[in-house]
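Here is a short briefing for a reader who is meeting this structure for the first time. Some points about side chains, a helix and the surface follow.

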Amino acid sequence: MTNTLLPAAGSGWASGDLIAGALVCLALLMAGLLVVVWRLAGARGQEGDESAARSDLLEAGLRDLARHQSETAGRVQAMAEVLAQRQSDMARAVSERLDSTSYRLGESFNTAARATHESLTTLAERLAMVERAEKSLSDLSSQVMSLRETLANKQARGAFGQARMEAIVSDGLPRDSFAFQYTLSNGRRPDCVIFLPGDPRPLVVDAKFPLEAVTAFREAQSAEARKAAGNRLAQDMMKHVNDVAERYLLPGETQDVAIIFVPSESVHAELHEHFDAVIQRAYRARVILVSPSLLMLAIQVVQAIAKDARMREQADAIRREVGLLVEDVARLRERVGDLSKHFALVGDDVSRVLVSADKIARRGLRLEQLDFTPAPPPSGIAAPGPVE
């Protein structure tokens, strides 16, 4: 039965319709509420998404900031380590440079000290040498004065020239090739004679020389005094040359020339420079003036002549020795031939011994392998017969 609750416009609504309408309104209200809630929820979700995005961006920024801070801290630490390493390297390099500089300065000081010590030592040695040289000069001065005094005396000067000439001759020739104070047939006794090989005539050497005239010529202060001293020297020289030619040039007994020994190279050179006419006249008189070096050269020539003479004298002995040597060589060749024959025989015997050794080795190999079949004989060798 349907009850009418409210009349409206001459007709009343049933309760079911009201309920249905209320439900529809409620549904519409709920729908509207749902829409509003949904919109509010959407707005809030959008705001939450935006807040989450902002939070994510903030967190990302914070993470980037933390990463940058960490990287900056690492870089700062690395830079600090690099700076510390560079500082350590610089300190080590500075220390090494200081050590090297100190060592070089020490070496330089030591080298300078050694050089100074060596220089002082050398200077001391040179001073000692200067002292010794000064002493030697004083000794030499005294010796020169003694020599001058000796040469001022004619007899002492003759003994000096004689001693020097004897030293040169004795050092250059064998003892049987010269003689001092040799007596000639006229009773004269020259200072020295030299015997040439193959010639019985001796070569006469005179060691006297007029040194007073040379000294006067050297010490002349004016042209007139020098001219007078030169004339005196020429006269004394020619007188001595004539005396030597007259006393020692004996035909058939002595050589055709004689030698006057001048004991000074400078005096000899001065004579050849200023007194060429005297030298030429001496040559024409068959008298030769020689200095110590020329006398040594003449001694060398005599040595060569003596050596050639001895070689000529020994030529027959050399020829005989060569003949004996040729005979010895022929005999040696014959004996070498005999020895080669013996070597050939020995070679044959050795080859036979080797053949026997090969046979023994082959037999031993067969015995080791228990092979008792006779081996074929080598080519060109007959098989052996039965062994008795």
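The model is predicted, so local features need pLDDT of at least 70 and side-chain atom pairs count only at pLDDT 80 or more, while totals for chains, interfaces and linings use all residues. Residues are numbered from 1 along each chain as its sequence is written, and side-chain values use heavy atoms, without hydrogens and water.

**Around Thr254**
- A polar atom of the Thr254 side chain also lies 2.9 Å from the backbone nitrogen of Leu250.
- Thr254, which sits in the loop between α4 (223–248) and β6 (258–261), is buried with a relative accessible area of 1%; buried means under 20%, exposed over 50%, and partly exposed in between, with a 1.4 Å probe and protein chains only.
- Helices (H or I, at least four residues) and strands (E, at least two) are DSSP runs, numbered from the N terminus.

**Helix α6**
- In helix α6 (residues 276–284), the buried residues are Val278, Ile279 and Ala282, and they lie on the same side of α6 because they cover an arc of only 100° around the axis, taken from the directions from the helix axis to the C-beta atoms.
- Ala277 and Arg284 are exposed on the other side of α6.
- Arg286, which follows α6, has a positive phi, near 65°.

**Helix α1**
- Leu23 lies in helix α1 (residues 15–152) and is exposed, with a relative accessible area of 51%.

Note on methods:
Polar contact = N/O pair within 3.5 Å; in protein donor to acceptor, adjacent residues only side chain to side chain.
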